[in-house]
Amino acid sequence: MHQRVAAINDLSGLGRCSLTADIAVLAAMGLECCPLPTAVLTTQTGYPEYRCISLTNHMEDYRLHWAQLGTAFQGILSGYLATPEAADQVEAFLDRFQKPDTLYLCDPVLGDNGHVYRGFSAASIRAMEKLTLRADLLTPNLTEFCILTGTDMDPIFRMGREEPAELFQVLQEKASVYKGKKLVITGIPHSSPEGEHLVTNLVLTEGHSVPLTFPHLGGTYSGTGDVLAAVLLGSQLQGRELIQGARLAGTLIGRAIQSSKKEGTPCNDGINYEPYLFLLRKE
Ligand code: PXL
């Protein structure tokens, strides 16, 4: 059956993130992606400079026009929101389009590597917190999870280096505030007993946690969180288990990072996922 996803995210000219990733991934999975751009940027915000035009004031038009057309969505994804008011607009969008059988994935884009992204204020964080409460599925990276749960980051990152199993346990306990929701905490850096650099995506459902661990190939590439979120939402709509979706995303991202490393792609330019989108096709 044909399925539609409303993707509420920014359009960045360079960085292969947000809507660029949503549209490519969802289309490769056989789903229609309807973009609702929250902002248009020359590049994602990790480049030394960027220009950003916020489209917050335009978001209401999308909601009203789509409502007038009687449009319905099986999935809703929200990601980067340039202003706290954009998060209020997402709430209004959910009030109109989130039905009992709609799957809403909130990717609470706020920061990475222990830092809040440029341009985000305390008000942006509070507005994002409200959205997380309406989500069926959440995909914070470790930094975003700490921001949202008010967790001190230094001990968390230290525990990853020293006692990863304990860290996963702590994260599972802290995730109890999202009871009833599915959660994937992404990009948890840690080490093996032999000192190998690893990264884990922790998949949490109904009190269970499954760590999916990959070698840390180095570098923090733009857009990996967006690719992961879109694959998870797509695979849920295809009726796959969350863990299957997380494995599929891990495979795609791993292949794309290997290719990017081989070609010396700058981290800000994002990963070479395009040649591997075929991995997402479901026969
Ligand atoms: O990939 C997350 C993201 C999305 N959109 C914009 C960003 C970032 C991360 O830096 O800057 C504009």
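1. Threonine 45 has a polar side-chain atom 2.6 Å from an oxygen atom of the ligand, a polar contact being a pair of N or O atoms within 3.5 Å. Two further pairs involve nitrogen of the ligand: an N or O atom in the side chain of aspartate 10 is 2.7 Å from a nitrogen atom, and a polar side-chain atom of serine 18 is 3.3 Å from a nitrogen atom. The ligand alone exposes 310 Å², and the protein buries 93% of that (Shrake-Rupley method, 1.4 Å probe).

2. This is a predicted model, in which local features need pLDDT of at least 70, side-chain atom pairs count only at pLDDT 80 or more, and totals for chains, interfaces and linings use all residues. Residues are numbered from 1 along each chain as its sequence is written, and side-chain values use heavy atoms, without hydrogens and water.

3. The residues around the ligand include Asp10, Ser18, Thr45, Tyr80, Tyr117 and Asp226 (a heavy atom within 4 Å). Ser18 and Asp226 also belong to the contact of H1 with H8, where contact means heavy atoms within 4.5 Å.

4. Helices H1 (residues 18-28) and H8 (residues 224-237) pack at about 35°, their axes 9 Å apart. Helices here are DSSP runs of H or I, at least four residues; axes are lines fitted to C-alpha atoms over the stretch in contact, with angles from 0 to 180 degrees between N-to-C directions.

5. On its other listed contact, H8 crosses H9 (residues 242-263) at roughly 145°, the axes coming within 9 Å. Val227 and Val231 of H8 are among the residues that meet H9, and both also meet H1.

Notes:
Helix = DSSP H or I, 4+ residues; strand = E, 2+ residues; numbered from the N terminus. Polar contact = N/O pair within 3.5 Å; in protein donor to acceptor, adjacent residues only side chain to side chain.
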